[in-house]
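The report is meant to be read beside them.

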Amino acid sequence: MTDPLLTAPKAATGRGCDLTRRRLVGALMGAGLGAGLSGCASPMISSPRALAPGRQVEILYLADTLECLGPTRIVAPATYLGPAELLGAAPWATADGVTTLAGSAGAEWAALYTPHSAARRHTAGYGGLVAQLDRLRRELGTERTLTLENGQCWSGSGLGHLANGSAGVAASHLLASDARVSSDERVLWPQRAAALYRDYARPVLGNLDAPPAGVSAATRFERDGVRVAVVGASDPNALDETRALDQWYQALAESVSQAAAEAELVVLLADTGSATARWLAARLPQVDLVLAARGQDFWPRLIAVDNAHGAPVPLCLPGSHASGFFHLSCRSTRDGWQIHAEFQRNDTAADAAAADHQARFDALRAPYAGWLDRPLGSAPDWLWRRDSVGGTWDGLIAAALTGDSDTTRAMLPGLRHDILLAPGETITRDHLWRLSGGHPARVVELAPRTEELAQLLERALDNSLGTPLILNDSRDLPRLSATRWTLDYGAATGARAHLDALPGGLTWRSFSARPQAGGEPLWQRLERYLGDHGGTPPAITPPSLEARYVEGHPGWHPQARLST
């Protein structure tokens, strides 16, 4: 039952999920990489970089746009459960928790993190992004401005599948990004990746073991006389990443050290998920700023992460679905870099310039719109996904996979790819592709024993709730249909999941992103299910669980769910 959508992230020795956290820490410490985990060792520290006061570098940062070229509802998680050791630490909060943790900054950004508020707002599409980016570049001066792109921006919908990534390249040109990280396109179209990077004609970054042509570990720019190094940290859990976590980290640490030797400002683009990016911020003291992606999390201000020497390293979580971008103003002082961050929301009314830009993005999609936008049915209720436990989209997927069978159940990965639909709104093919992040996910059958299923739940809980954070792959908990299980939040590692007895003879269905998976594509199964029900599926029951001892956790607010 091994599958990347269902198993834990890679372990430090490359032997899979049997590696305990103690052994992972030992492997990292043995390699001299574990400073900050236990205080037993210190990383190499470069000489302080001499900074001329008054220099200014303006970074415009966007990530995980997921090919939302046109206006779309803003996605906000309903519940978000994090490690008990970091209770109250950003970003493990949603709804009321953000206002409490972020203080005055929280209420201002309620539309970006409260489900009910977010559902009423639409982005201005890529046209709005370009209009704001262009305005800031003019105001700030191109000689000071650097535009960086991270995460899943060339994939995430059916458009990437039909255009084989070329629409993403064209979109990046219109956004005028100066550099990006090698992301899912490398796995989706391995034979085309090098050509896509050649067409992009700007630096593509990543700490890859066997990078395609056109990918480098770092690149350098000069802005306002400042030598800026941008280092790429690619997804350590990608399908084509074969190294163990300690080897992946060792290569990244070496790239950072080399970049810092020749730069005054070091920026890490971490397409690693939010928790791993936070872990990296604490362990790479030569990095001045960490820009995260893949977790699809938003936090309204920079998060200060203390490194091994107690110095704060700013961490930026930019959200997803083209909801906006961060403007990070970096000013040099005698004591180091002062970085001020301001999130530019992309939900304002489009002006003439934005409309003109939007027409260019609409033209990229136009050749495929007839196929992507084919109506398949209507939403019986709010359709949404982002939740620690599972949303109504997951309930719809489970129903499509299991049908009316009493002996078939669904076991779904906790993916965060989402698209919000209101009751009665049209469901299209593009919506179905978005549920698997643009991957041609294939339906697979599994036959786990009860103890194997319990172990899978324990691993998922350990990844989500445990430490070190490098093992957290920024997925939510697995979704089990028609199955009762309990999360004991206060229990020790390995004893958090309690699964009710299961009848014999069960078959489980899921979906796999592995290229060798040979089942029916998930979107086709969903389309057929909708057709079998005349376009209007029956009432949806989202997956659930009993969660003990989480009341009061800043990220646990079930009342914020759209369906209640």
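Predicted model: local features only at pLDDT ≥ 70, side-chain atom pairs only at ≥ 80, totals over all residues.

Residues are numbered from 1 along each chain as its sequence is written, and side-chain values use heavy atoms, with hydrogens and water left out. Helices (H or I, at least four residues) and strands (E, at least two) are DSSP runs numbered from the N terminus, and two strands are taken to pair if DSSP finds at least two bridges between them.

**The sheet**

Four strands form an open sheet in the order S17-S21-S15-S18, and their pairing is mixed. Strand S17 (442–446) and S18 stand at the edges with a single partner strand each, so one side of each has no neighbour in the sheet. On average, and with direction ignored, neighbouring strands of this sheet are turned by 25° against each other; axes here are lines fitted to C-alpha atoms, for helices over the stretch in contact, and angles run from 0 to 180 degrees between N-to-C directions. Strand S15 (residues 408–414) pairs with strand S21 (residues 507–512) in the parallel sense over three bridges, and Ala410 has Arg509 as its bridge partner in S21. Helix H14 (residues 392–402) packs on the sheet and touches S15, S17, S18 and S21, its direction making about 145° with that of S15, where contact means heavy atoms within 4.5 Å.

**Backbone features in loops**

Most residues other than glycine have a negative phi, and most peptide bonds are trans. The table lists departures from both patterns.

| Feature | Residues | Value |
|---|---|---|
| cis peptide bond | Ala90 and Pro91 | omega about 5° |
| cis peptide bond | Thr467 to Pro468 | omega near 5° |
| positive phi | Asn164 | phi about 50° |
| positive phi | Gln296 | phi about 60° |

Pro91 lies in the loop between strand S1 (56–63) and helix H2 (96–102), and Pro468 is placed in the loop between helix H16 (450–465) and strand S18 (476–480). Asn164 is found between helix H7 (158–163) and helix H8 (166–175), again in a loop, and counts as partly exposed at 32% relative accessibility. Gln296, in the loop between strand S9 (289–292) and strand S10 (303–306), is buried, with a relative accessible area of 7%. Buried means under 20% relative accessible area, exposed over 50%, and partly exposed in between (1.4 Å probe, protein chains only).

**Thr541**

Thr541 sits in the loop between helix H17 (522–532) and strand S22 (546–548) and is exposed, with a relative accessible area of 64%. Its C-alpha atom is separated by 8.8 Å from that of Ser481, which is 60 residues apart from Thr541 along the chain.
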